[in-house]
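The entries follow the order in which I checked things.

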Amino acid sequence: MSICPVCRFRSNNWGDVASHIHDMTSRSDPPHVMWLNRNLSSREVSSQELAGTLEDYFSLKGGLSSWIRGKVIEKIYGERPHPFILAMQKPNRAVLLGYVIEHRHFLRNWIRVLSMIVYKTDKDDVARYELENISQEFLGNGSPPHYELLIRMGESLGLTRDEIMSYDPLPSTSSSIKVWRNIAETRSWVETMASMHSMELIADKSLRNYGSKMHYFNPSILTDQDYPDAVKKFLAEGYNADEYHAWKALELVEKYSQELGVVEDVQVSFLRSLDALSKYLMARLERAMEFDPNLIKFVEAVT
């Protein structure tokens with residue numbers, strides 16, 4: 001089954017999907033035009049050429065998990081790495097505070113969406129995996145949970161806990177959270193699982209072995225005396241955990257997407273989540289600019 005990545009128009013071949021997208025872009029439909037420009041080409045192409053490009057774009061030459069990893073690298077760590085990743089190579093106080101304030105909302109949504117996977121699945125290995133993840137993020141396993149470490153990072157940078165909790169999410173963060181909740185509420189648990197855990201790949205240090213130009217942050221931060229211990233503890237926690245989380249989740253996604261016959265649906269939902277992730281990462285920088293207005297010069301220079 002071939003599926004339009006924008007509106008989920010379905011057909012048995014990419015030629016029909018290409019004709020559909022070509023027709024929608026001819027009508028200047030904004031979602032289709034933006035997807036085409038951002039992911040395939042900004043130049044005008046024929047339906048025949050577009051069909052071949054789409055087939056190649058969605059081709060699973062090395063399996064689904066390999067395809068997902070490749071798209072994450074292409075989008076976040078490609079020729080022009082995401083501005084937030086560039087900022088994290090030597091983050092100042094403002095960048096880290098932007099991270100804390102917006103990520104608090106992300107993490108609260110994270111556990112809610114994972115709970116939807118547990119609710120919907122009838123697979124014990126999936127439920128066990130997600131419950132362990134929720135526990136580690138929000139309750140901790142004998143050590144402070146990821147959510148608490150995030151708050152402590154913010155406190156070490158000069159904000160009180162009450163101040164951190166007082167911020168509402170920026171519109172870009174809210175918009176991305178809405179996308180992830182919509183996937184959880186309207187799509188299968190396999191699609192939700194792929195959409196959520198593929199985001200953990202951005203902190204997977206093994207991505208350097210697959211073409212990523214850099215790590216999620218410069219690892220030298222973890223031993224740099226210029227950064228508070230609370231910053232290092234939070235970053236180290238994700239740096240060490242996300243590699244296992246992402247790979248294990250993608251193994252389950254690959255296994256059950258084939259078993260349930262929803263591989264193409266997983267691909268489309270994952271791409272939607274990846275766009276939301278890029279938008280959310282920019283929200284962290286938008287918040288950081290409230291603490292350091294000069295960051296706009298950095299963002300303009302790298303975008």
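**Entry 1: a salt bridge and the domain contact**

I began with Asp-265, which forms a salt bridge with Arg-8, the closest N and O atoms being 3.3 Å apart; by salt bridge I mean a side-chain nitrogen of Lys or Arg within 4 Å of a carboxyl oxygen of Asp or Glu. I note that this is a predicted model, in which local features need pLDDT of at least 70 and side-chain atom pairs count only at pLDDT 80 or more, while totals for chains, interfaces and linings use all residues. Residues are numbered from 1 along each chain as its sequence is written, and side-chain values use heavy atoms, with hydrogens and water left out.

I then looked up the domains: the assignment gives domain 1 (1-59) and domain 2 (61-301), with bounds that come from an automatic or database domain assignment. Their centres, taken over C-alpha atoms, are separated by 28 Å. To the contact (heavy atoms within 4.5 Å), domain 1 gives 11 residues and domain 2 gives 13.

For the area, I found that the two domains bury about 1200 Å² between them, 44% of it on carbon and sulfur atoms; buried area is the accessible area (1.4 Å probe) that two parts lose on being put together, summed over both. Of the area that domain 1 buries against domain 2, Arg-8, Tyr-57 and Phe-58 supply 47%, more than any other three residues.

I counted four salt bridges between domain 1 and domain 2, and nine residue pairs in polar contact, both residues at pLDDT 80 or more. A polar contact is a pair of N or O atoms within 3.5 Å; within protein, one must be able to donate a hydrogen and the other to accept it, and residues adjacent in sequence count only if both atoms are side-chain atoms.

**Entry 2: other salt bridges**

How many salt bridges does the structure hold? I found 17.

In one of them, the side chains of Glu-259 and Lys-123 meet at 3.2 Å, N to O. This pair links distant parts of the chain, 136 residues apart, with Glu-259 in helix 12 (residues 229-260) and Lys-123 in the loop between helix 6 and helix 7 (124-138); helices are DSSP runs (H or I, at least four residues), numbered from the N terminus.

By contrast, Glu-148 and Arg-152, whose side chains meet in a salt bridge at 2.8 Å, N to O, both lie in helix 8 (residues 146-156), four residues apart, about one turn of the helix. Glu-148 is buried at 17% relative accessible area, whereas Arg-152 is partly exposed at 38%; buried means under 20%, exposed over 50%, and partly exposed in between (1.4 Å probe, protein chains only).

**Entry 3: single residues**

Is Asn-109 buried or exposed? Asn-109, which sits in helix 6 (residues 93-120), is buried, because its relative accessible area is 2%. Leaving aside neighbours within four places in sequence, Asn-109 is in contact with Ile-177, Trp-180 and Arg-181.

Last, I checked Thr-303, placed in the segment after helix 14 (295-302) and partly exposed at 49% relative accessibility. The side chain of Thr-303 reaches the backbone oxygen of Val-299 at 2.7 Å, and Thr-303 touches Arg-80 and Pro-83, not counting residues up to four places away in sequence.

Note on methods
Helix = DSSP H or I, 4+ residues; strand = E, 2+ residues; numbered from the N terminus.
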